Amino acid sequence: MQEFIYQFKKNRVAVAGAVVIAFMVLLAIIGPAIAPYSPYAFVGPAMQPPSPQFWMGTDDLGRDVLSRFIYGTRISMIVGFLAAATSVILGITLGAVSGYFGGLVDQVLMRTAELFQVLPQFFLALVLVALFGSSYVIIILVIGLLSWPSVARLARSEFLTLRERDYVLSVKALGLGVGRVIFFEILPNAAPALIVAATLQFSLAILLEASLSFIGLGDASYPSWGQMLNGAQQVFRRAWWVAFFPGLGVFLTVAAFNVVGDGLNDMQNPRLRKL
Amino acid sequence: MTAALDIRGLRTEIRTRAGTMQVIDDVSLRVDPGEAVALVGESGCGKSMTALSVMRLADPRTVRITGGQVLLDGKDLVPLSDDEMRDVRGRAISMVFQDPMTFLNPVLNIGTQIGNPLRRHLGLRGAALERRVLELLELVRITDPRQVARSFPHELSGGMRQRVLIAIALTCSPKLLIADEPTTALDVTIQAQVLDVLKTSLRELGTSLLLITHNMGIVAGMCDRVYVMYAGRIAEEATVDDVFAAPKHPYTQGLLGSVLRHDRPPASFTVMGGSVPNLIDPPAGCRFRPRCPHAMDICHTDPPLIPVGDNQGAACWLYRQ
């Protein structure tokens with residue numbers, strides 16, 4: 001672990017990304033305690049520019065943008081996390097089974113994964129959300145179900161090589177069951193690559209949720225960054241701050257997850273490692 | 001007395017694109033309770049394949065057992081289902097492998113790995129599990145068991161790792177331990193220590209040993225009886241004393257002639273010509289015939305295992321009555 005931190009610290013960009021993520025997570029957790037106003041209340045004149053009273057200004061209905069931003073962080077992070085978790089769990093399970101058993105199981109699962117990959121993700125998400133309604137549960141499931149194939153393919157390729165390792169033979173010689181071999185013996189060895197994939201899934205999920213909300217298919221009951229951007233469309237030319245801050249939130253978070261993912265990836269490549 | 005392991009007429013084949021290889025061809029061997037038996041031969045003669053067939057661990061997509069019985073304590077393992085076989089592995093038979101580095105999982109600590117068969121077969125959990133893990137580490141004479149249980153494989157030396165593998169294999173006090181070249185990857189002094197540990201722990205648990213090796217020195221030090229294997233068949237069976245004093249099969253003679261020994265002048269060191277035949281298209285009759293200095297016409301038919309003396313037998317026409 002110390003070795004890990006030492007190696008990670010050498011990559012300045014990735015450290016900056018990790019700081020941003022830590023900040024956003026912290027904001028999501030303690031947000032309601034520090035938000036100056038309720039995100040739903042009309043607390044001032046409409047479309048006030050940023051001022052000491054309203055740090056990020058107010059929107060077209062006179063709500064505090066900062067408070068909405070803080071609550072939005074919470075929603076975006078939760079949706080991102082749950083959607084990424086859905087796709088990672090699904091992807092790892094199916095990919096591991098596919099790679100470990102091979103044969104017909106592998107064929108069926110991988111053809112299914114390819115089918116999902118060739119469908120245009122965003123439009124499929126649009127259709128599904130339009131059909132089943134736009135609650136956060138549906139959005140999380142749709143994002144998770146649409147993005148598992150890339151994780152599954154990665155997990156499969158890892159398992160294809162790892163299943164041939166000697167220690168797998170030696171635990172089989174101890175009579176361990178298939179599930180135990182896959183998830184307790186092989187999976188930890190595949191973890192480094194899968195963690196990188198998981199961070200990228202997280203940022204993709206946040207981006208996809210923001211996109212859906214931006215075009216008005218989000219869950220309107222709670223403000224997310226995408227929702228705020230959607231509301232800002234009407235007033236963008238007169239009140240830039242209404243769109244700027246939630247956009248910045250999406251940009252920083254997605255970029256942070258990407259650079260952290262890249263940093264973790266580079267750490268695993270000994271040739272890119274500096275001493 | 002029921003043998004710990006009694007292999008009768010075992011046949012195993014590997015299907016490849018080039019054809020089917022009969023890698024184990026009518027092999028019979030017996031290991032009595034508490035006995036240590038060696039299976040020796042050149043690389044590629046089917047020793048490891050015999051072990052994998054007994055454990056039923058060979059890749060089922062290419063390897064198939066086509067005949068014979070593998071009686072473990074009187075019970076045939078060949079017809080068992082995969083689930084039943086998993087209950088046998090690690091509990092009644094277990095295996096120690098060649099390379100202690102690659103046969104331990106690099107990302108799990110030693111305690112977890114020793115705990116695997118304990119959880120699986122004995123259902124131990126928590127403090128009882130931990131206690132048993134430490135006992136096993138002590139059994140293989142690891143001096144600081146607590147420390148070692150928390151370590152990862154890369155933090156241990158080769159000798160320590162091999163002792164850990166032995167501890168893992170012995171967790172459930174199996175009837176039979178199959179050791180596949182357990183010391184090949186270790187240097188000579190460590191070899192001696194590891195073998196000593198193996199020998200005493202086997203005696204303590206009353207476990208029989210099937211030792212697969214090509215090192216005749218280890219055979220002399222560890223085993224009671226020897227089977228010499230050549231090209232998928234048993235060439236000779238004998239007690240350790242007989243095999244060194246009076247090897248009967250020309251292959252055994254050649255094998256022992258190519259071992260450097262302190263009690264013989266280096267000039268007597270001989271090299272056997274040729275190599276193990278291609279098993280897709282093996283020579284008819286005795287498979288050693290192309291390399292044998294005594295080859296005769298009759299060698300074109302398969303030789304049976306002919307008894308020579310009390311406890312010795314050779315599959316060679318030289319000894320026909």
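**Conventions.** I number residues from 1 along each chain as its sequence is written, and chains are lettered from A and ligands numbered from 1 in the order in which they are written. In this predicted model, local features need pLDDT of at least 70 and side-chain atom pairs count only at pLDDT 80 or more, while totals for chains, interfaces and linings use all residues.

**Chain A.** I looked up the elements: 10 helices and zero strands. Helices (H or I, at least four residues) and strands (E, at least two) are DSSP runs, numbered from the N terminus. The C-alpha trace of chain A spans about 75 × 50 × 30 Å along its principal axes. Of the 275 residues in chain A, 45% are buried (20 or more other C-beta atoms within 10 Å of the residue's own, C-beta atoms being placed from the backbone).

I then checked α5(A), residues 121-132. This helix has 12 residues and reaches 16 Å from first C-alpha to last, close to the 16 Å expected at 1.5 Å a residue (1.5 Å times one less than the number of residues). A:G133 follows α5(A), with a positive phi near 95°.

**Chain B.** I traced an open sheet of eight strands, β6-β7-β8-β3-β9-β10-β12-β11, with mixed pairing; two strands pair if DSSP finds at least two bridges between them. β6 (93-96) and β11 (306-308) stand at the edges with a single partner strand each, so one side of each lacks a neighbour in the sheet.

Next I looked at β3 (residues 36-40) and β8 (residues 208-213) of chain B: they run parallel, joined by five bridges. B:V37 has B:L210 as its bridge partner in β8(B).

How values were computed
Buried ≥ 20, exposed ≤ 12 C-beta atoms within 10 Å, placed from the backbone.
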